[in-house]
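I opened this model to look up two things.

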Amino acid sequence: MERRWRPDGPVDVRLVLAAHRRGSGDPAWRATPDGTVWRTSRTPEGPVTLRVTVSAAERTVTGTAWGPGAGRTLEELPALLGAADDVSGFEGLLGAFRHRAEASQAPAAGQAGILVRELAKRYGGLRIGRTGRVFEALVPAVLEQKVVGREAWRAWRWLLGRYGDAAPGPAPDGMRVTPAPEVWRRVPSWDWHRAGAEAVRARTIVNAARYADRLEAAATSAEADRLLRALPGIGVWTSAEIRQRSYGDADAVSVGDYHLPSLVGWALTGERTDDAGMLRLLAPYLGHRHRVTRLLELSGRRPPARGPRMPARDYRAF
């Protein structure tokens with residue numbers, strides 16, 4: 001099935017969909033040199049492969065989908081690419097913040113506001129899209145808890161290779177579809193071990209799979225946050241990571257992230273900070289704090305490294 005969609009404003013498809021990519025070898029996400037993005041998903045109707053291409057001349061996005069979930073996926077294509085993302089509200093907020101900073105004669109705050117406005121202009125095609133799939137975002141988010149990315153992505157690749165479905169249609173070689181919740185519940189302890197995920201993260205995913213239907217039924221991001229954080233092993237950081245992708249929540253801050261506070265502090269003030277300091281710096285952007293952290297990540301402004309990179313552990317050897 002195919003759908004052509006013309007967005008109201010600029011949309012950088014690859015940048016928007018990159019939020020769903022889990023490492024360079026993600027079997028559920030691929031991009032080709034011509035700008036085409038492939039993504040697999042599991043809808044209530046079944047698995048789907050989505051190919052998204054852009055015609056710059058016609059200013060249109062074309063989605064082509066294969067599999068039982070093709071119809072629903074194409075219906076939701078604009079939402080996936082951020083059609084419901086209120087960027088105008090963010091632009092108005094930036095203008096108001098600039099006037100407040102000038103009135104208070106706060107040079108540091110003014111410089112921070114200028115940086116964010118410049119980044120928003122430079123990455124004008126950034127949108128916070130929504131998938132509508134809570135459990136699909138939950139599994140990789142839990143795998144990424146308290147470990148380096150390479151360690152989590154290795155587990156994600158192994159588990160999808162073992163338990164995921166082959167991607168429908170002419171998808172690139174090796175693409176897989178994330179398993180259904182009932183399949184995750186049946187993954188034995190030794191395969192979690194082979195994947196490199198220790199018992200704590202495994203139990204969190206298996207337990208959450210029991211409540212997948214309730215999680216998917218949450219009407220708002222706030223309701224999903226309440227339900228998610230009631231589950232053992234899911235806290236503020238994991239809930240935010242899930243809701244950013246499933247609900248397109250532009251204000252869900254990843255509090256508790258290992259790198260994010262230092263990155264935000266360095267980009268906005270030239271100094272490292274902690275979670276509390278990060279939230280103070282982001283307070284003027286309430287309603288769009290996740291959007292601002294995305295822009296700051298894209299800026300390339302990072303504090304200098306203090307030592308060697310944290311190594312990826314291998315639980316398979318334990």
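The entries below go from the sheet to the cavities and then to a pocket.

**Basis.** I am working with a predicted model, in which local features need pLDDT of at least 70 and side-chain atom pairs count only at pLDDT 80 or more, while totals for chains, interfaces and linings use all residues. Numbering runs from 1 along each chain as its sequence is written, and side-chain values use heavy atoms, with hydrogens and water left out.

**Sheet.** I looked up the strand order first. I take helices (H or I, at least four residues) and strands (E, at least two) as DSSP runs numbered from the N terminus, and I call two strands paired if DSSP finds at least two bridges between them. Five strands form an open sheet in the order S1-S5-S4-S3-S2, and the pairing is antiparallel. Strand S1 (2-5) and strand S2 (29-31) each have a single partner strand, so these two stand at the edges and one side of each has no neighbour in the sheet. On average, neighbouring strands are turned by 20° against each other, direction ignored; the axes are lines fitted to C-alpha atoms, for helices over the stretch in contact, and angles run from 0 to 180 degrees between N-to-C directions.

**Hairpins.** Next I went through the pairs around strand S4 (residues 46-55). S3 pairs with S4 over seven antiparallel bridges, and a hairpin of two residues joins them. Trp38 has Arg51 in S4 as its bridge partner, and Arg42 is opposite Pro47 in S4. S4 also pairs with strand S5 (residues 60-66), again antiparallel and over seven bridges. In this pair I found Thr49 opposite Trp66 in S5. The S4-S5 hairpin has four residues between the strands, and Arg59 in the turn has a positive phi of about 55°.

**Cavities.** How many cavities of 30 Å³ or more does the structure hold? I find two. On a 1 Å grid over the protein atoms alone, a cavity is a set of points where a 1.4 Å probe fits but cannot get out, a pocket is an open set with protein on both sides within 12 Å along at least five of seven lines, and lining residues have an atom within 4 Å of a point. Grid points are joined across faces, edges and corners, and a volume is the space filled by probe spheres set on the points.

The largest cavity holds about 170 Å³. Its lining has 16 residues, with His20, Arg39, Glu136, Pro140 and Trp156 nearest the centre. H6 gives the most to this lining, three residues. I sorted the lining into five nonpolar, five polar and six charged residues, where Ala, Val, Leu, Ile, Met, Phe, Trp, Tyr, Cys and Pro are nonpolar, Asp, Glu, Lys and Arg are charged, and the others, Gly among them, are polar.

The second largest cavity holds about 110 Å³. Among the residues that line it are Arg39, Thr43, Glu76 and Arg133. S3 has the largest share of this lining, with four residues.

I then checked the second largest pocket, with a volume of about 300 Å³. It is lined by 14 residues, and Arg42, Thr43, Pro44, Pro181 and Glu216 are the closest to its centre. Strand S3 (37-43), helix H6 (134-143), helix H8 (181-185) and helix H11 (212-216) each give two or more residues to this lining. H11 gives the most, with three. The lining of this pocket divides into six nonpolar, three polar and five charged residues.
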